[in-house]
Amino acid sequence: MKKSFREFLKERKLILHCGATGTELMKIGGETPGAVNTITRPQDVLRIQRDYVEAGAKIVLTNTFAMNPLYSDVRCKGYDWALLNRRGVELAEEAAGGEAYVFGNVGPVGEMLEPLGTLKKTDAYEAYGAQIKILADGGADGISIQTFFDLEDMILAVKAVRDYCDLPIIANLVFNQNGATMMGNTPQQCYDALYPMGIDVFGHNCGEIDAFSLGDLFSDLAKKTEIPLVALPNAGIPKTVEGKPVYEMTNEEFRRGTEYLIEKGFTVLGGCCGVNVGHIRAIADLFVQE
Ligand SMILES: [Zn+2]
């Protein structure tokens, strides 16, 4: 039997995380939101995830970004969000084949919380809880809460996991080039709020910050953190070609960025939008450990 993710996390110096699924699906004409491709083109989702596992990734995410009942009500009409979560775990488990840990991908509801927006905290908490329950019951090894730009919203999602189960949590906010989230929280402030809630890994995904700025932004926190830090930057800032985002970062550039992030103290590394299996293969040898 596979050892627990927490044991694995303790014994590994560096862990390779997968790259993007959503932008890879868009490249081949997949639907948006990306999660519906789990039903409409499962073989493509499976192939993308399996490529990451074969490249050496030890963490793969389910194709279930933001598949909570509130988000799905607005952007995903006609699809059964619960089924997309159940099938999402099954597909990722199949791709992982026991060689990688499957993390249920939980994204934000996509509305601003009150008082800036109209989203009620209790509604967001319940929506996250509904998705997390299905991912956990489906057999995910952990929950990855990602692409959150509001710490308050992230706190609701982390609470929803902890109120339901003891699965490991990877908590990723989006930090900007100016050194804070969109709502103005620094990495240290976010860490101070989330670490006591029992998260297992903390860091950044997506956004427009480059790997070098990200490394500098987290370097102080890296010296005192009690838990591993994760960085999943995008493959640069995309150009729009025929209405689709095109990411042009080369594998060599991606590798240089990853090396810098490791130097600055990040220990779980992969990528978000635009990061494909070529990028992940280009950094895989950094993670080989006897
Ligand atoms: Zn992204």
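## Terms and model

Two residues are in contact here if their C-beta atoms, placed from the backbone, lie within 7 Å. A residue counts as buried if 20 or more other C-beta atoms lie within 10 Å of its own, as exposed if 12 or fewer do, and as partly exposed in between, again with C-beta atoms placed from the backbone. Helices (H or I, at least four residues) and strands (E, at least two) are DSSP runs, numbered from the N terminus.

The model is a predicted one, in which local features need pLDDT of at least 70 and side-chain atom pairs count only at pLDDT 80 or more, while totals for chains, interfaces and linings use all residues. Residues are numbered from 1 along each chain as its sequence is written.

## The chain as a whole

Let us begin with the overall picture. The protein chain holds 12 helices and 10 strands, and its C-alpha trace spans about 45 × 45 × 40 Å along the principal axes.

Of the 290 residues, 50% are buried. Among contacts with a separation of 6 or more, 80% come from residues 24 or more positions apart.

## The sheet

Eight strands form an open sheet: 8 strands in the order β1-β10-β7-β6-β5-β4-β3-β2, with parallel pairing. β1 (15–16) and β2 stand at the edges with a single partner strand each, so one side of each has no neighbour in the sheet. Two strands are taken to pair if DSSP finds at least two bridges between them.

Further along the order, strand β5 (residues 169–173) runs parallel to strand β6 (residues 201–205), joined by 4 bridges. Here N172 has G203 in β6 as its bridge partner.

β3 is mostly covered, with 6 of its 6 residues buried. In a regular strand the side chains alternate between the two faces of the sheet. On one side of β3 the buried residues are Y101, F103 and N105, and on the other V102, G104 and V106.

β2 and β3 run parallel and share 3 bridges, and I59 stands opposite Y101 in β3. With strand β4 (residues 142–148), β3 is again parallel, through 4 bridges; G104 has I143 in β4 as its bridge partner. β3, α7 and β4 also make a right-handed β-α-β unit, meaning that, with the strands pointing away from the viewer, the path from the first strand over the helix to the second runs clockwise.

Helix α4 (residues 42–55) has 14 residues and reaches 20 Å from first to last C-alpha, close to the expected 20 Å at 1.5 Å a residue; the expected span is 1.5 Å times one less than the number of residues. Its buried residues are V45, I48, Q49, R50, Y52 and V53. They pack against α2 (22–27), α3 (37–40), β2 (59–61), α6 (81–96) and α12 (277–283). Just after α4, G56 takes a positive phi of about 115 degrees.

α6, with 16 residues, reaches 22 Å between its first and last C-alpha, close to the expected 22 Å. Its buried residues are W81, L84, N85, R87, G88, V89, L91, A92, A95 and A96. What covers them includes α3, α4, β2, α5 (69–75), β3 (101–106) and α7 (121–137). Just after α6 comes G97, with a positive phi of about 50 degrees.
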